[in-house]
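Me: Please show me the sequence and the model, and then we can go through it in questions and answers.

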Amino acid sequence: MRRAGRIVADVLAAVEEELKPGVTTATLDTVAESYIRKAGARPSFKGYRGFPASICVSIDSEVVHGIPGKRVIQEGQVVSIDAGAIWKGYHGDGARTFFVGTPPADVAGLISTTRLALMAGVAAAVPGAHIEDVSGAVEDVAVEGGCGIVRPYVGHGIGTRMHEELQIPNYRTGSRGIEIQPGICMAIEPMLTLGKADVETLADGWTVVTTDHSLAAHFEHTIAVTEKGPEILTTV
Ligand code: MG
């Protein structure tokens with residue numbers, strides 16, 4: 001799991017290097033796929049329920065699951081990259097949102113609030129806590145930052161499958177959920193917006209966008225809960 005997570009973190013860094021005005025999203029996908037394969041891993045997303053690429057590239061009002069293609073990256077865009085890798089049967093899953101250029105204050109706030117919401121969720125994933133504690137930690141940061149919380153998509157258990165049964169909502173549900181114990185691995189992934197939180201799926205069957213066209217950000221880490229607390233696996 002550590003190795004798979006490290007590969008995902010390195011892939012996101014490699015894509016960040018290439019993320020400049022003029023590059024196509026298909027090129028970003030090629031960079032990611034070749035990195036994953038050179039590392040001896042396989043891209044988890046490619047072929048997953050028919051998804052055609054190795055990463056998701058979601059731009060501006062696209063929240064998640066954007067399909068790489070001919071689109072050209074431009075200055076001033078909010079670009080979320082989600083990557084997954086399978087190494088020796090174990091999965092890593094991670095996402096980061098970048099701004100192409102220097103973001104206006106509200107967009108910088110959206111991006112930093114989403115990252116901080118993720119980190120608050122990670123910090124809450126300690127042995128003895130419950131899933132609701134993680135959800136509540138994410139929600140509190142999002143609300144404090146004035147962001148909308150996208151609700152239909154949630155974090156998940158991860159291991160020998162990308163999506164395992166455990167669900168980690170980015171908001172309180174009123175149910176405590178399971179007690180968190182050492183050995184549990186999960187992907188925590190807040191998706192926040194600068195406007196309303198309603199989303200819809202485009203005709204391509206994948207791309208999730210905000211209904212009000214507001215900008216969105218997405219950060220995700222795969223973590224392992226140890227006796228000492230949460231360990232982020234999708235990091236360098
Ligand atoms: Mg995920």
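**The metal site and its surroundings**

D93 is buried, at a relative accessible area of 2%; buried means under 20% relative accessible area, exposed over 50% and partly exposed in between, with a 1.4 Å probe and protein chains only. This is a predicted model, in which local features need pLDDT of at least 70, side-chain atom pairs count only at pLDDT 80 or more, and totals for chains, interfaces and linings use all residues. Residues are numbered from 1 along each chain as its sequence is written, and side-chain values use heavy atoms, with hydrogens and water left out.

Me: Which residues coordinate the magnesium ion?

Reply: Donors are N, O and S atoms within 2.8 Å of the metal (3.2 Å for Na, K and Ca), and sites may look incomplete because water is not among the atoms. Along the chain the donors here follow the spacing D-x62-H-x32-E-x30-E. At 2.0 to 2.5 Å, the magnesium ion is coordinated by D93 (OD), H156 (NE2), E189 (OE) and E220 (OE).

Me: How many residues apart in sequence are the parts that D93 and E189 tie together?

Reply: Helices (H or I, at least four residues) and strands (E, at least two) are DSSP runs, numbered from the N terminus. D93 lies in strand 5, and E189 in the loop between strand 9 (185-188) and strand 10 (191-193). The pair therefore ties together parts 96 residues apart in sequence.

Me: Is E189 buried or exposed?

Reply: The relative accessibility of E189 is 8%. E189 therefore counts as buried.

Me: Is K88 buried or exposed?

Reply: K88 is found in the loop between strand 4 (78-87) and strand 5 (90-99). K88 has a positive phi of about 50 degrees although it is not a glycine. Most residues other than glycine have a negative phi. At 67% relative accessibility, K88 counts as exposed.

Me: What is the relative accessible area of H213?

Reply: H213 lies in the loop between strand 12 (208-210) and strand 13 (216-218). Its phi is positive, near 65 degrees, and H213 is not a glycine. H213 is exposed, and its relative accessible area is 62%.
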